[in-house]
Amino acid sequence: MEGNLLQLSYALDTFYFLVSAVLVMWMAAGFAMLEAGLVRSKNTVEILTKNALLYSIACTMYLIVGYNIMYPGDPINAYLPNLSFFLGADNTVAAVTAGGDNAPYYSGMSDFFFQAVFAAATMSIVSGAIAERMKLWPFLVFAVVTTAFIYPMEGYWKWGGGWLDQLGFQDFAGSVVVHMAGAAAALAAVIMVGPRIGRYGLNGEIRAIPGANLPMATLGMFILWMGWFGFNGGSELMVSNVSEANSVSKIFVNTNAAAAAGMIAAALLSKFMFGKTDLTMVINGALAGLVSITAEPLAPSAGLALFIGAVGGVIVVLSVVLMDKVKLDDPVGAVSVHGTAGIWGIFAVLFSNNDATFMGQLIGSAAIFIWMFVASLIVLFIIDKVMGLRPSEEEEIEGMDVQECGMEAYPEFDHKQ
């Protein structure tokens, strides 16, 4: 009887894990819609192609080698994992029904799938930051290296039991391990490719380049918001008893509260600063609230979750403005949403998680940022020398869609800008 109950619990937790992974996979659609809405129409097909292919590349490279780097069975040491390829066999009935603390309580394949879609989400952050001026195939080569090696390495340091985990660095679902890591890689790419033509004037003036489809961008934001319940909720890993079911429910409540508060705070600040309620800031406020709560969505009270999300919403508006002041062109605000809000989120853990220390959070954040930024910069430099990262000025002005994909998203309109 006990063995049957253990198998039932295993099946339930595996099913919950898989459904959560599907929600995170759905975030790929959110990133695609958000980014396609915030670029000009002449670059829509190309950014959609990037988002579609990066998802497939991430899943493939993570299957071949990335997962085994991030979760090595026999690591060399706390800093270096071992190297092996593809996936081993899944758990047996005997292992599940043996019981005890070491018995598996969900399928190993479900764990791989959940982690693979996290890798894809990390890479999606980069695609928005370099939109409209980085060629397709150099970007895809960068996606191969990032999802096969760069991201899994820092993931091993924390979630694979490496030195940051041993140090006591706390990051429940990835404010830094996923979001700030992706933002660090994105920042390196933004620096390497430079701003879009016409974005900044010779005298320092900042010229707005509006996106072509704000309804699409808004849809993307809500898809991401929905997917985040799988992102944070699935990271609890279990739902098959009263305590865990209550924990998952609290994570959902806090995740939703932080997003709502981030959106409201960003709307209020944009109205105060610009005299208008900027929809792009409203969108990014919600996403910043989500990133902020991701480091610790379980421990805070609902009131604290509101506060954490609201601060994230304020920070992202200020960060977007600062990025433009220093002439770092990020068309979708990815570095601000995932980077600055991610850093805030990792330190907000100190308000509710007694296992977290300031130095632990600082060292973990700094180590991951430096690794992701420097490794990405080196890889992008090599790709630039071999393939070139940026199209010619004429190609960029005409639009990436025709040059890279040979088609237009809205062919019935004359949309050249």
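Me: What makes the K50 and E46 contact a salt bridge?
Reply: In this predicted model, the side chains of K50 and E46 meet at 2.5 Å, N to O. The cut-off is within 4 Å for a Lys or Arg nitrogen and an Asp or Glu carboxyl oxygen, so the pair qualifies.

Me: Where do K50 and E46 lie?
Reply: Both sit in helix α2, residues 44-70, and they're four residues apart, about one turn of the helix.

Me: Why is K50 called buried?
Reply: Buried means under 20% relative accessible area. K50 comes out at 0%, so K50 counts as buried. E46 is also at 0%, and therefore E46 is buried.

Me: How do you know that K158 and D165 form a salt bridge?
Reply: Their closest N and O atoms are 3.0 Å apart, and the limit is within 4 Å, so the label holds.

Me: Are K158 and D165 buried or partly exposed, and why?
Reply: K158 has 8% relative accessibility, so K158 falls on the buried side of the 20% cut-off. D165 has 35%, which lies between 20% and 50%, so D165 is partly exposed.

Me: What about R207 and E205: why does each count as partly exposed?
Reply: R207 is at 39% and E205 at 32%.

Terms used
Residues numbered from 1 in each chain as written. Predicted model: local features only at pLDDT ≥ 70, side-chain atom pairs only at ≥ 80, totals over all residues. Heavy atoms only, no water. Helix = DSSP H or I, 4+ residues; strand = E, 2+ residues; numbered from the N terminus. Buried < 20%, exposed > 50% of the residue type's maximum accessible area, 1.4 Å probe, protein only.
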